[in-house]
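I opened my notebook for a friendly look through this one.

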Amino acid sequence: MTDAYLAIDGLTKAYPGVVANDGVSFAIAPGQVHALLGENGAGKSTLVKMIYGLVKPDSGQMKVNGTPFEPANPHAARAAGVAMVFQHFSLFDALDVAENIALGMDNPPPMRELAKKITDVSEAYGLPLDPTRRVGNLSAGERQRVEIIRCLLQNPKLLIMDEPTSVLTPQEVEILFKTLNKLSAEGTAILYISHKLEEIRALCDHATVLRLGKVVGECNPREKSARELAEMMVGQTLHTPSRDYAEPGEVLLKVENLNLAPADEFGTRLRDISFELKAGEVLGIAGVAGNGQDELLAALSGERTTAPKTITLEGAPVGRMGPNARRAVGLLAAPEERLGHAAAPEMSLTENALLTGDIRENLTKNGFVAWGKARDFAASVIKAFDVRTPGTETAAGALSGGNLQKFVIGREILQRPTVLVVNQPTWGVDAAAAAAIRQAILDLAAKGAGVICISQDLDELMEVSDRITAITEGRLAPPRPAKGITIDAIGLMMGGAHDMEEAHPEEAHV
Amino acid sequence: MSLIRLEKRPAPSRLFSALTPLMAVVATMIAGGIMFAILGANPLEAIRTIFWDPLFDPQFGPYSRPQLLVKAGPLILIATGLALGFRAGIWNIGAEGQYIMGAVVGAGAGLALYPSESPLLFPLMVLAGALGGWAWAMIPAILKTRFGTNEILVSLMLVYVAENILASVSSGLLRNPDGMGFPGSRNFRRDFPAASNTEIIENTGMHWGVVAAFIAVILAYVLMSRHKMGFAIRLAGEAPRAARFAGVSPTRLIIFCLGTAGALAGLAGLFEVTGPAGQISIDFNSGYGFTAIIVAFLGRLNPIGILLAGLLMALTYIGGELAQLMLGMPAAAIQLFQGMLLFFLLAMDVFANYRIRIGTPEVAK
């Protein structure tokens, strides 16, 4: 392609033990919205880091407008017109919007001028943002706007967006897409990284699919179904979880007026949370990260305790009990963070099986660990959930995200919970493992257990839930039947207090 | 690209984890040798005097061999207790104070009953010694669990408090009434046999403190590898959130680890003061509580490793004294030599987590 803005040819980068990118080639034309599609570990991040000058390729070449492009650092990349919005923001909470933007610029104009420019750009692209607001008080969506505007002020020719929607509500996603479409119409090329297939189908006009560091296909995502894209990504046919809707049974878990102060200043306070969970039911809890999901899981798992009657399991008060006492009565949990919370990364799978399996699987006797039994339990989890690992003595941290997640979820399910609480069960997990985990959740409910599934992935919630609710700033919306609910309706439940209008900088913040 | 690069290993190398103590000893010998050469001594002779002569020299061996156990005993006993806490991320660096208080309380209990000849007297003193160390360690433990204070600071500062208590009782409360006004308590070995910690086997240095150290090593090994508490300790050290998720109570863990370390240090103090030191005096303690921190890390916080590290450290002590005597080395040079050992051990840890690559990186195709 001669009219390409950026052309990449045979880019290769190897890390110890893994080839992150293997001869990757593609081209982006001006104004094109180009999706980079692939599972976790497919090499998307490495590729864009090379384009942005953060990582040096081992071989291969890049060309910008036909001239060789070898950025030694992000500064050089920006000088060539490449800008990037990272998945994780690098903003200072204590500074205001304009100050933060000035910090990220190579040659910031005087503050007053900058503030005016910010307002201009934010109005021109429909991104509401007040330059004098303190970043600490902004929502995730607004923080992202700070990053985007910082990029736009540099008049980029290519804008790289790494998983931009993972922290946004559906309404905020819509605003973002309008901005991106406008940019593309003006001739800015956009490289859009995501594994959310519906988004890519809605936004992008070209997609490059990566698998294990190699380009395995290019297509126009609008001409493919989400399933076809997923199968290109995974390289195998996927099966969709299936379930029989059954009448829910009696109430298993009841939470009444759960209020919980955050454990530290960064936590979220839980406010007046009340709900019931029936036998055979999956209750889906949507919400943008940081709205109290971790705190809710901790309150249910027993890591945080409350007044006894706040939480009852089959009528018995459990609020005062610690994690092991709750396990004993059948209330089990799988936290979001696999490494360091649900599992100890440097310990073997056997030891990680003991971590939660001690009580229900009788893995200790008089205080002494029955390592043989622990190993057998770990082996049964590995077998039942198809965990790919050399053996039970492998360190948990050496497993891929999907395999460790299967182990973590499997470890709880094999303990036959009465109620299981899972937080982001398929976060960062490859599509095949995610499907297996969702099926396991459905099977567990079909056997009469109650499951609470906390997730940011709305498609996942629609797939597994009987009823859906959302958590926003520590409050839970009243659950609604999942049948017939729309993504928009969930979005409104989870949007809650955040401003949704397009350009309205004076919006009061609750 | 530079020619020598460090490259992170996918997983820590087990081989190098086991090898680093040996590599650290060799590196210490080389760097120490250079230092001795600068000080004007023959480096080979100095190294031989420190590592070989105490054990095998026909002239000094018979005297210094028993000293090996005498010195290693308290180091191992204290380090074993400290390592439990270190594994859990609980940093008790005040073992010296717990050791002193164990000695003061244990010896005080015995001296209060002077001149009893009951066979129960010594066991009672052992118990009192452990209790003294335990109680002293409970101060940082309770302050930490109740008020969230930093155990590093509190335990360390209590060492200086303990030293002042020691100075006070050795010239006051516990002073030998028949000592003609000199500071220091009655000498247990000379004046009070029923309360003294005698050698079990003549001329081996094997006293009850050494026996206690061996028992502590075995119990600690079983605790860490077989018991739920050992698992909780490791889990809390490696992944504190996972430990809480597994139902491990941080409070109980802090009380257990500090308490055990304190009790073992207290035992070491009691055995020392009633045996090798002989009496409570202002300076009986000789810093075992601090050196034990080095021993704990040199032994990789593993009970068996601590056993070997304690013996090695004792050897450098004895050999160091010999080098002072024979080669006129300053005492500071010997301390520097011991410091090098810890320095190199920590530095060598790099090889467990990284590998060295020489030449430009190859491109995988």
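Below are my entries, item by item.

**Before starting.** I kept in mind that this is a predicted model.

**Entry 1: a helix pair in chain A.** I looked up how helix α5 (residues 140–152) and helix α6 (residues 170–185) of chain A sit against each other, and found an angle of about 10° with the axes 11 Å apart. Angles under 35 degrees count as roughly parallel, so α5(A) is roughly parallel to α6(A). Next I listed who makes the contact: α5(A) brings A:G141, A:E142, A:Q144, A:R145, A:I148 and A:L152, while α6(A) brings A:E172, A:I175, A:L176 and A:L183. Sorted by class, that contact has 5 nonpolar, 2 polar and 3 charged residues.

**Entry 2: the cores.** Which residues have the most contacts inside the largest nonpolar core? I noted A:L253, A:I273, A:L296, A:V421, A:I452, B:I233 and B:L235, in a core of 106 residues. Helix α14 (residues 431–446) of chain A gives the most to this core, with 8 residues. A second, separate core has 85 residues, including B:A46, B:I50, B:A212 and B:F344.

**Entry 3: chain B in the UniProt record.** The unreviewed UniProt entry places "transmembrane region" at residues 21–41, 68–86, 120–143, 152–174, 206–224, 253–271 and 333–352 of chain B. I checked two of these spans in the model. Residues 120–143 of chain B are 96% helix and 0% strand, and their end C-alpha atoms lie 35 Å apart.

Entry 4: Where is the cis peptide bond? It joins B:Y114 and B:P115, with omega at about 5°. B:P115 lies in the loop between α5 (95–112) and α6 (121–147) of chain B.

I also looked up positive phi values. A:N362 has a phi of about 50° although it is not a glycine, and A:N362 is in the loop between α11 (349–357) and β17 (364–365) of chain A. B:L301, likewise a residue other than glycine, has phi near 60°. B:L301 lies in the loop between α13 (288–298) and α14 (303–327) of chain B.

Is B:L301 buried or exposed? Its relative accessible area is 13%; buried means under 20%, so B:L301 is buried.

Terms used:
Residues are numbered from 1 along each chain as its sequence is written. Chains are lettered from A and ligands numbered from 1 in the order in which they are written. This is a predicted model: local features need pLDDT of at least 70, side-chain atom pairs count only at pLDDT 80 or more; totals for chains, interfaces and linings use all residues. Side-chain values use heavy atoms; hydrogens and water are left out. Axes are lines fitted to C-alpha atoms, for helices over the stretch in contact, and angles run from 0 to 180 degrees between N-to-C directions. Helices (H or I, at least four residues) and strands (E, at least two) are DSSP runs, numbered from the N terminus. Angles under 35 degrees count as roughly parallel, over 145 as roughly antiparallel, 65 to 115 as roughly perpendicular and the rest as oblique. Contact means heavy atoms within 4.5 Å. Ala, Val, Leu, Ile, Met, Phe, Trp, Tyr, Cys and Pro count as nonpolar, Asp, Glu, Lys and Arg as charged, and the others, Gly among them, as polar. UniProt positions are given in the numbering used here, feature names are shortened, and annotations may be inferred rather than shown by experiment. A nonpolar core is a set of buried Ala, Val, Leu, Ile, Met, Phe, Trp, Tyr and Cys residues joined through side-chain atoms within 4.5 Å. Buried means under 20% relative accessible area, exposed over 50%, partly exposed in between (1.4 Å probe, protein chains only).
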